[in-house]
Amino acid sequence: MKASAAILLLLFVIQEGNSQKLRVFISVDMEGITGLVSSDQVGRGGSDYQMARGWMTEEANSAILGALDAGATDVIVNDSHGDMRNLILAELNAAATLITGSPKPLSMMQGIDETFDAVLFIGYHPREGTTDGVLDHTISGGTVDFIRINGVEMPELGINALVAGNFNVPVVFISGDKAVCDQAKALLGDQIVTVAVKEGIGKRAAKSLPLKKAHDLIRSQVKTALEKRKDMRPYKLKGPYKFEVGYRRSSQADNASVIPGVQRLNAKTLQIESKDVIEGFKFMRGLINLGRDD
Ligand SMILES: [Zn+2]
């Protein structure tokens with residue numbers, strides 16, 4: 001009797017241990033942070049940049065608090081904007097671990113693996129060429145006109161969701177402007193929880209929520225999203241994966257077209273094919289970097 005009771009207790013402890021683990025990965029970009037609309041705010045050296053990175057850190061903290069409210073045991077935050085050294089570590093909630101700096105092999109998704117339960121996108125922006133999309137661009141405003149994967153035109157959120165999907169982790173939440181929330185629903189499905197913190201009036205103006213209201217909404221909706229995570233599927237496409245990079249100028253395609261295995265579809269468009277999402281993702285990023293001529 002005593003031995004079987006001990007085994008039951010042990011099983012209970014093991015089960016409890018498993019069910020309590022909740023690992024959350026947060027990728028934080030800057031263009032979609034509440035109130036921000038200008039390169040003077042999101043560019044290092046801009047006169048409003050120091051203020052803006054404080055707002056970015058507060059918004060990351062709101063998401064961390066929402067995750068903790070939902071019972072997160074482990075929170076990793078990956079700085080995903082520009083040189084990826086924007087978030088202020090001294091002000092970041094101490095429950096989270098920060099990944100900072102660049103370059104990183106998985107860029108905005110550095111740190112993701114199959115041990116995570118859910119991904120959150122904070123401060124995200126819509127793809128290049130979005131009407132009323134605040135600071136719309138795709139990866140590199142000066143170089144990239146569009147990215148298509150298997151024919152689907154992708155905002156950064158789609159590319160990054162595919163990377164997470166490769167590790168079987170669903171994206172459960174996104175915040176940013178209204179346009180990026182619409183793009184997330186169209187691509188990943190209606191079940192994703194979204195918070196539109198501002199609505200674009202063109203590319204460089206917006207109607208914004210007050211900071212406090214946006215932070216409260218993000219905290220409560222992140223908790224809701226994590227509680228519903230079992231309903232959400234990881235984002236996947238069928239392989240092999242065709243990555244198309246549409247450049248701004250033909251000279252940029254000239255630069256990158258010298259790599260073996262790269263197919264030139266037209267003056268400004270290159271394509272590569274890969275059986276592996278991560279390999280294709282890295283190849284695509286390499287082609288963008290090589291194309292840069294600014
Ligand atoms: Zn950014």
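**Polar contacts between the domains.** I looked up the polar contacts across the interface of domain 1 and domain 2 in this predicted model. I noted 6 residue pairs in polar contact there, with both residues at pLDDT 80 or more.

**Elements on the side of domain 1.** I then asked which elements give two or more residues to the side of domain 1 that touches domain 2. They are the strand β5 (144-149) and the helix α4 (156-166). I recorded that α4 supplies the largest share of this side, 5 residues.

I sorted the residues of domain 1 that touch domain 2 by type.

**Salt bridge.** I looked for salt bridges between the two domains and found a count of 1. I also looked up the pair Arg 248 and Glu 128, which form a salt bridge. I noted 3.2 Å between their closest N and O atoms.

**Domain bounds.** I wrote down how the protein chain is divided. Domain 1 takes in two stretches, 18-145 and 152-231, while domain 2 covers 241-291.

**Extent of the interface.** I looked up how many residues of each domain take part in the contact. The entry reads 17 residues on domain 1 and 13 residues on domain 2. The size of an interface is often given as the accessible area lost when the parts come together, so I looked up that value as well. About 1,300 Å² is buried between domain 1 and domain 2. I noted that carbon and sulfur atoms give 66% of this area.

Definitions and conventions:
Residues numbered from 1 in each chain as written. Predicted model: local features only at pLDDT ≥ 70, side-chain atom pairs only at ≥ 80, totals over all residues. Heavy atoms only, no water. Domains from an automatic or database assignment. Contact = heavy atoms within 4.5 Å. Buried area = accessible area lost by both parts, 1.4 Å probe. Salt bridge = Lys/Arg side-chain N within 4 Å of Asp/Glu carboxyl O. Polar contact = N/O pair within 3.5 Å; in protein donor to acceptor, adjacent residues only side chain to side chain. Helix = DSSP H or I, 4+ residues; strand = E, 2+ residues; numbered from the N terminus. Nonpolar A, V, L, I, M, F, W, Y, C, P; charged D, E, K, R; others polar.
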